[in-house]
Amino acid sequence: MTSSLRFVTCVVAALSAYAFAGAILPGAFGSHSRGIEAQSPEAATKTQAVSNDALHAQLTVLRDSFVDAIKAAGFKPSLEPPQIALDNPPSFGRYDDGSNLLHIAAWSELGPDGEARFVRLKAILHDPRSPEAIFDDSVNHWIFVHELGHWWQACQHKDENAAGRYAVEYGANRIAAAYWRMKDPAYMQQRTEHSRALYNLVPNPIPSDQSKQKYFDKNFARIVGTPAYTWFQSGMIVDVSAENPPPTFKQALQ
């Protein structure tokens, strides 16, 4: 896949709700007060560094688990495991095949406007968890593994120009779903329910005379970052979760 596609996809993205919350909730970007005493710049920097170090270690373990699962399934990656950059990309996560670098967001780097997305998401979905916990499950679990799915596609030299962008995104979601079904079925069930709730919030954008795949491939550049893109990515997660029988991780990798 090309680096440009990595930059705009996520969850997605799709993530799932997390990467698309801003598109669904245009009013979610206003600043908000945290209601706590501000730290000194030095203390805040130190706390952030410790938090990011712990997150980097957590993501490294998750990445290695994903790669080990690929090897256990009988495959040999043609690329080294991607390096991880906590640089808060606009899409929350993207895999760059040119540098073999997986860019991912960190809660400590979001700032008030970024945090407001997840405060709003918590409210509209009536999620009992904290905004930070929703972010962690959404970005540092789902989107991260989704982007590892794109890394595996790069290992296989899969090209969105040949397969189509819908197929590439669906494939990454399918890999992520199979991985989480294998590693943590309860988490995957929660992610499916989360995505279904978002999917039901957004109107179907497809004209009656077009298919999902053709509309997505043709209008990809136009719909990225809009509620329509949220609808597609959330719907993909619902669809891959409904496959019966569900594909094994090995089958999803093929």
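1. Some ground rules first. This is a predicted model, in which local features need pLDDT of at least 70 and side-chain atom pairs count only at pLDDT 80 or more, while totals for chains, interfaces and linings use all residues. Residues are numbered from 1 along each chain as its sequence is written, and side-chain values use heavy atoms, with hydrogens and water left out.

2. Start with α9 and α10. Helix α9 covers residues 212-223 and helix α10 covers residues 227-242; their axes come within 10 Å and cross at roughly 140°. Helices here are DSSP runs (H or I, at least four residues), numbered from the N terminus. The axes are lines fitted to C-alpha atoms over the stretch in contact, with angles from 0 to 180 degrees between N-to-C directions.

3. Which residues in α9 and α10 meet? From α9 come Lys 212, Tyr 215, Phe 216, Phe 220 and Ile 223, and from α10 come Ala 228, Tyr 229, Trp 231, Phe 232, Met 236 and Asp 239. Contact means heavy atoms within 4.5 Å. The residues of this contact divide into 9 nonpolar, no polar and 2 charged. In this scheme Ala, Val, Leu, Ile, Met, Phe, Trp, Tyr, Cys and Pro count as nonpolar, Asp, Glu, Lys and Arg as charged, and the others, Gly among them, as polar.

4. Next, look at Thr 192, which lies in helix α8 (residues 185-201). Is Thr 192 buried or exposed? Thr 192 counts as buried because its relative accessibility is 7%; buried means under 20% relative accessible area, exposed over 50%, and partly exposed in between (1.4 Å probe, protein chains only). Leaving aside neighbours within four places in sequence, Thr 192 is in contact with Ile 237, Val 238 and Ser 241. Thr 192 and Gly 235 are 43 residues apart in sequence and 9.5 Å apart in space, C-alpha to C-alpha.

5. Please check the peptide bond from Asn 244 to Pro 245, which is cis, with omega near 0°. Pro 245 sits in the loop between α10 and α11 (249-253).

6. Finally, two histidines. His 126, in the loop between α4 (107-125) and α5 (131-155), has phi near 55°, a positive value in a residue other than glycine. His 126 is exposed, with a relative accessible area of 70%. His 157, in the loop between α5 and α6 (160-163), has a positive phi of about 60° although it is not a glycine. His 157 is exposed, at 68% relative accessible area.
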